[in-house]
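Please read the following walk through a structure with its sequence and its three-dimensional view at hand. The paragraphs take up the chains in turn and then turn to the place where they touch.

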Amino acid sequence: MKRRSLLALGPAAVLAGGLASCSVKDNTSPSGGSSSGSGSVSGDITFLTFETPNLNAAYWDAAIKRVTDKNPGIKVKKLVSPTADGRTDYAKQLLQSGQFPDVMIAVSPAGFAEAGNLYAWQPAELSAFVFPTANPIKGKYYQLPANTQTIPPIYYNKKVFTDAGIAATPKTWADLLDASSKLKAKGITPFVTGGGKDGFASSMILAGLVSVDIYGKTPDWLTQRRADKVKFSDANFVAVLAKFADLASKGYIDKAAVSRDYASTEQAFLDQKGAMYPMGNWFASSADGKHPFDIGIFNFPTSDGSLVVPAYTGGGMIVSAKAKSLDAAKAFALAFQTDKAQLDASVKSDGLFPAIKGYQLPTDVGPVFKAGYDLYTEGVQKNAVVHTFRWETADDGLLPGMADKVDQAAEDLTTGRKSPADAAAFLDSEWAKAS
Amino acid sequence: MVADVTTPSTPVTGTGGGSRPRIRKRRRPVLPRVWHFLSFGAPGVLIYLCLVVAPIAISFGYSLTNYNPFNPPIKYVGLRNYNLLLHDQEFHTALKVTTILTLIVVIVPNVVGLLIALLLDKRGWLYNALRGVFFTPVILSSVVVSVIWTRLLDSEGPVNEALRGLGVHSPPGWLSDPDFALYSLASIVCWQQLGFCVVVYLAGLQGVPQELQEAAAIDGAGPFRRFRAVTWPLLAPALTINTVVMLISAFKMYDYVKVITNGGPGAGTTATIAFDVLATGFDSNHVGYASAMAIIMLLTVAVVTAIVLRLLQRREIDL
């Protein structure tokens, strides 16, 4: 509930951004206010990045240069994770070998923070962020809450929907089943999902279902799970697992897709191998590219049609508590996260929703991104945003290693290897081991 | 090491017959021998101690604790981790998966490799080229091989498209069907390891004396009989090498699993012990528990390898 009340403050900041534009740093104007842009801090720091086709070396180099140009005293040595998905594991390895970077981006703070390896941001330092109290770990804030991602809205092929006689996008679970039935009758696989080495692609629908059905009613469900007040094998959770299993048993999810990695999954949707693609809003950057069909987006349907928008705010930088130049590391992180050009680039390259006060979207964002952003904004306005199951990273998140178990449970439900009750028991058992 | 050297006895001239010759023992100084040993053996021993023995000892130490680098402090828990492993269904599944995988990877490349080696044991440019073809997969990175086969065995990849072209309406989900995934994984490993077995058997075949084959042929032995009585016994060292190498590589398999299936589909269908060790240690951060798994894995590999090696070497001697 606290999360909802916090998010309720969001519209004032997000929607009235233009009026309050005092936090986003524009390249063209001198920075001021916080320490982030003082330009007086100096020191050598290491910065762990990761590369993807969108976020390539040139992207990071340009972003670093923008900050160091304004803070000439800061010298940055860029480190690159061997794999994009394995950046948190790589940070663990660097920590173990005494090479923990001074600044890291989009690395989960869980574990690092509890062990005292991360700097805890002070409230005054987070004044530029829309949700400064997102993702607390033992009451402190370690990761800059730089952006929000809605996970998962459902992208769909507009032409296929029209051809199948689906007049409106589904709002209720019954609507979704009805649409799936019509698509199936036309010989179209309703959902495109994945798996393989990118397990998260197999659990997207399950993440959406738990978020809207469980978190929609009990936002702190996972906190209660940590306190052993609820279990995965409780009737309401098993019912959600059963809904997911039902999709697979009806053939609405391709069982063979559980071995398909993320890149192939995205390509499968773009190749029109299925009608709907539940995925994080980062897909918008691809969806706004060139395709032979129009892509639409709708919120994950709920049982009764009420509005619930699963989202995750975080993903920003963390700073080592033992950085030799801690002030330089902090200043770099804050300047990087509030730099207008950097925020614009993250919007266009990675489809992110910057959670920085005063930030305004570039005028040339694509229609799919804009539609997704509008859905999120509506969720914020109506106080309907909840955490996304499996993607949380703080005190109210899954225990380390459990996200993989959720993916495995989703795959077992998809292939029919486990019943909903068995999958729930499996999750409880793995939770006990992870505790 | 024998320390004493016995000098040859020399009868003393003029001594009465029947008296035992006097044996004189001479002890070489110890210090030069120690220095000799240290100068040659110490670097190797030191490297072995640092890179093999010490990590094993440290791992064993961790296995007796609840070590989690992200949840200090470390507490000594005795044999609790080992006790938990006895009842850990996931570990038992990993043990089963590893055993099946090992059996396939030891048997299939050995049998097929031997057959191919027999076919290629001829002279000529074609046979040389074919040897190169069979050996090529061995020099490829396991990750590259894994990525290639993942694409080939995709539900809509070339293999299934070919099957559909041949009229198979529902080709198998090679990597997505829990009933197939482990065997698909094993097949990929066999495909890459096959070249190694072929080369080792070819080397063994080069060492079979032609005279023995000819003698057997003169005695009326047919090709099968010649293989059974002459070739096969002389290939015993090659069999030993192939079996032990395949055994060890299969037991510690991680890379193929990580890239191709990530241990799935679902929970543990293709997760080997090595995969579970790394997932438990680095994803779940339970380093103490993962260390106990690693120690069990080490003991299993060591014992099984020792037994197999002993049996095969005894067979070599018997033959």
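What follows begins with how the model is to be read, and then goes from whole chains to single residues.

This is a predicted model, in which local features need pLDDT of at least 70 and side-chain atom pairs count only at pLDDT 80 or more, while totals for chains, interfaces and linings use all residues. Residues are numbered from 1 along each chain as its sequence is written, and chains are lettered from A, with ligands numbered from 1, in the order in which they are written.

Chain A contains 16 helices and 11 strands, where helices (H or I, at least four residues) and strands (E, at least two) are DSSP runs numbered from the N terminus. Its radius of gyration (taken over C-alpha atoms) is 21 Å, close to the 22 Å that the globule rule gives for 435 residues, so chain A is as compact as a globular protein of that length; the rule itself is 2.2 Å times the number of residues to the power 0.38. Along the principal axes, the C-alpha trace of chain A spans about 65 × 45 × 40 Å. Of its 435 residues, 55% count as buried, a residue being buried if 20 or more other C-beta atoms lie within 10 Å of its own, exposed if 12 or fewer, and partly exposed in between, with C-beta atoms placed from the backbone.

The core draws at least three residues from each of domain 1 (2–149 + 314–364) and domain 2 (154–279 + 398–434) of chain A, with domain bounds that come from an automatic or database domain assignment.

A:Phe332 is one of the buried residues of α12(A), a helix (residues 326–338) of 13 residues. Because 11 of the 13 residues of α12(A) are buried, this helix is largely enclosed by the rest of the structure. Its buried residues pack against several elements of chain A, including β1 (43–49), α3 (57–70) and α13 (340–350). Leaving aside neighbours within four places in sequence, A:Phe332 is in contact (C-beta atoms, placed from the backbone, within 7 Å) with A:Ile45, A:Val67, A:Asn71, A:Ile74, A:Val76 and A:Val103.

Chain B has 13 helices and two strands. Its radius of gyration is 28 Å, well over the 20 Å that the globule rule gives for 319 residues, so chain B is more spread out than a compact globule. Its C-alpha atoms fill a box of roughly 100 × 75 × 35 Å, taken along the principal axes, and buried residues make up 33% of the chain. In helix α3 (residues 89–120) of chain B is found B:Ile100, which is partly exposed, with 16 other C-beta atoms within 10 Å.

Where the chains meet, the contact takes 28 residues from chain A and 23 residues from chain B. On the side of chain A that touches chain B, the elements that give two or more residues are α4 (87–96), α15 (402–415) and α16 (420–434), and α15(A) gives the most, with five residues.

How values were computed
Two residues are in contact if their C-beta atoms, placed from the backbone, lie within 7 Å. The expected span of a helix is 1.5 Å times one less than its number of residues.
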